[in-house]
Amino acid sequence: MNPVLVKDLHYAFGDHVAVDGVDLALEPGEVFGLLGPNGAGKTTTLRVVTTLLPAPPDTVLVEGLDVVRSRRRVRRLLGYVPQQLSADGSLTGRENVALFARLFDVPRRERAEAVDAVLDAMGLSESADRTASTYSGGMVRRLELAQALVSAPRVLVLDEPTVGLDPVARSGVWDRIHEVRRANGMTVLVTTHAMEEAELHCDRVALMHRGRLRAEGTPAELTAAIGPDATLEDVFRHHTGDTLEAGGMRDVRAARRTARRVG
Amino acid sequence: MSVLPAAPPAASAERPSPVGEVTLLLRRVGAMCLVELQKLRHDRTELVTRTVQPALWLIVFGTTFSRIHAIPTGSTPYLDFLAPGILAQSALFVAIFYGIQVIWERDAGVLAKLLVTPTPRAALVTAKAFAAGIRALVQALVVVVIALLLGVGLTGNPLKLLGAAVVVVLGSAFFCCLSITLAGVVLSRDRLMGIGQAITMPLFFASNALYPVDVMPGWLQMVNRVNPLSYEVEALRGLLVGTPARLGLCFAVLLVAAAVMITVASALLPRLAR
């Protein structure tokens with residue numbers, strides 16, 4: 001069974017078509033990257049998968065469950081980290097994670113242990129009792145991963161997990177994701193527009209442009225098809241005639257806004 | 001690193017039992033109220049700054065008007081009459097700006113994260129409403145302390161105090177959900193801020209918080225009759241200082257008003273998540 005299955009998904013905001021016929025079939029335990037510039041429709045696709053936006057019945061399934069008809073059961077299987085840094089700065093790291101343990105009905109007897117385990121796995125044990133307002137950007141991201149992982153999700157959904165982070169913080173976040181995945185076999189669905197990151201960390205990728213998938217495969221397959229020494233960046237240009245840098249400034253601004261709010 | 005267990009297969013029933021639903025609702029309310037108290041514990045500045053206004057009302061307005069005997073409150077001293085009104089007002093001010101917090105949570109991605117937990121919308125809104133109630137209750141305690149220091153004769157009967165706490169929580173739940181409803185309509189923090197400021201004072205002045213209903217002009221008495229704040233004040237006054245009050249009616253009005261507003265706010269919440 002595919003952990004996430006999307007069949008010919010269309011989504012429009014009024015006249016604006018955000019997603020224009022997308023098919024996805026994730027394999028259990030893989031890291032699947034949805035790549036593309038801003039406005040490609042990646043986030044809209046994620047919002048449908050995470051039940052935040054409605055879809056016609058039987059177009060999107062998570063672990064075989066329809067995201068519309070079995071909404072609540074799907075939510076129980078998902079861990080979701082939105083693009084913005086969304087941890088609560090006025091709560092400690094531990095309190096942030098404990099809230100989500102409660103919201104996912106982790107039994108009271110196991111709760112403290114589950115919270116400790118996931119904070120430890122994210123390398124936050126030392127700072128667990130400080131308020132999140134004192135955390136660096138990378139720590140906040142790892143705290144959000146802890147929030148998403150405390151319910152032991154089958155599918156972890158990450159929207160641009162490393163935007164606004166420095167290289168060290170980036171690899172810190174990815175290392176933790178891989179460790180947890182190796183330990184529990186969860187599937188990871190991630191969006192990004194950082195091609196070199198996708199090449200390093202995703203088992204398979206799909207290139208998205210203007211609401212459609214233009215290419216799909218392992219990073220090695222896709223780059224080899226273009227030529228020796230080709231990068232995913234080249235693959236993207238080959239398939240779309242476009243570069244990824246179009247939305248650059250907007251991202252920087254969004255990341256700064258987020259940093260200001262959390263800091 | 002410690003090994004995190006994989007989630008068990010999804011075996012839970014899709015059609016949950018009514019008992020299960022109520023338990024879930026209570027658990028979510030508990031979780032949200034706990035978070036609210038934790039936030040207060042880490043940052044008490046808001047609690048202190050929010051104390052300034054009720055303190056001024058009681059100390060400056062209250063003591064002055066007691067002295068000039070401008071407002072006929074019968075055998076009840078004016079300060080005793082005023083204290084429950086100011087208590088309700090400070091609870092109102094806490095609750096009415098809750099929608100702003102919800103909009104902030106929308107902008108910060110927190111709302112999306114909450115909506116992707118196995119929590120029905122109505123449970124989420126109810127939990128927020130009661131969290132506002134808890135927050136308002138802490139604020140009310142501060143007002144009670146000020147009133148006691150000013151020599152207001154408040155009841156010591158634990159049942160009546162408990163009743164007053166329930167009244168504050170219900171009233172705050174109503175105004176919190178009114179605020180979330182407005183947030184769901186205007187969708188922007190700035191506009192909601194303006195609306196919040198525009199409606200709090202009229203709600204306050206068109207209530208029995210500062211003066212008895214009999215001295216109001218007829219049209220204001222009509223407004224007063226549909227203003228939930230008046231029922232909150234009447235109940236608080238009856239319970240805390242022992243003035244005559246239609247307690248049954250007040251509780252019924254507050255309960256129905258809160259339930260209706262929770263329903264409306266729940267219906268509008270998804271608009272914020274789009």
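I have my eye on helix α6 of chain B. What should its 29 residues span at 1.5 Å a residue, and how far apart are its end C-alpha atoms?

Modeller: Happy to. Before the numbers, two points on what you are looking at. This is a predicted model, so local features are given only where pLDDT is at least 70 and side-chain atom pairs only at pLDDT 80 or more, while totals for chains, interfaces and linings use all residues. Residues are numbered from 1 along each chain as its sequence is written, with chains lettered from A and ligands numbered from 1 in the order in which they are written.

Now your question. The 29 residues of α6(B) should span 42 Å at 1.5 Å a residue, and the end C-alpha atoms are 42 Å apart, so the two values agree. The expected span is 1.5 Å times one less than the number of residues. The helix runs over residues 121-149 of chain B; helices here are DSSP runs of H or I with at least four residues, strands are runs of E with at least two, and both are numbered from the N terminus. After α6(B) comes G151(B), with a positive phi near 85°.

Let's look at its helix partners. Two packed helices are described by the angle between their axes and the distance between the axes. With α1(B), the angle is about 40° and the axes are 8 Å apart. The axes are lines fitted to C-alpha atoms, for helices over the stretch in contact, and angles run from 0 to 180 degrees between N-to-C directions. That makes α1(B) oblique to α6(B): angles under 35 degrees count as roughly parallel, over 145 as roughly antiparallel, 65 to 115 as roughly perpendicular, and the rest as oblique.

On the α1(B) side, the contact includes L24(B), L25(B), V29(B), M32(B) and L37(B), and on the α6(B) side it includes A123(B), L124(B), F130(B), I134(B) and V138(B). Two residues are in contact here if their C-beta atoms, placed from the backbone, lie within 7 Å. By class, the contact of α1(B) with α6(B) has 15 nonpolar, one polar and four charged residues. Ala, Val, Leu, Ile, Met, Phe, Trp, Tyr, Cys and Pro count as nonpolar, Asp, Glu, Lys and Arg as charged, and the others, Gly among them, as polar.

The packing with helix α2 (residues 45-68) of chain B also has an angle of about 40°, with the axes 10 Å apart. Hence α2(B) and α6(B) are oblique to each other, and the crossing is right-handed. From α2(B) the contact takes L47(B), R50(B), T51(B), P54(B), A55(B) and L58(B); from α6(B) it takes V138(B), Q139(B), V142(B), V143(B), I146(B) and A147(B). Nine of the residues in this contact are nonpolar, two polar and one charged.

Buried means 20 or more other C-beta atoms within 10 Å of the residue's own, exposed 12 or fewer, and partly exposed in between, with C-beta atoms placed from the backbone. Leaving aside neighbours within four places in sequence, Q139(B) is in contact with L47(B), R50(B), S90(B), A91(B) and V94(B). K39(B) is 100 residues from Q139(B) in sequence and 14 Å away in space, C-alpha to C-alpha.

A second pair involves A147(B): P18(B) and A147(B) are 129 residues apart in sequence and 43 Å apart in space, C-alpha to C-alpha. P18(B) belongs to α1(B) and is exposed, with 7 other C-beta atoms within 10 Å.

Finally, the partner chain. The contact between the chains takes 29 residues from chain B and 42 residues from chain A. On the side of chain B that touches chain A, α1 (18-42) and α5 (110-115) of chain B each supply at least two residues. α1(B) gives the most to that side, with seven residues. The residues of that side of chain B divide into 16 nonpolar, seven polar and six charged.

How values were computed
Left-handed = near helix turned anticlockwise from the far one by under 90°.
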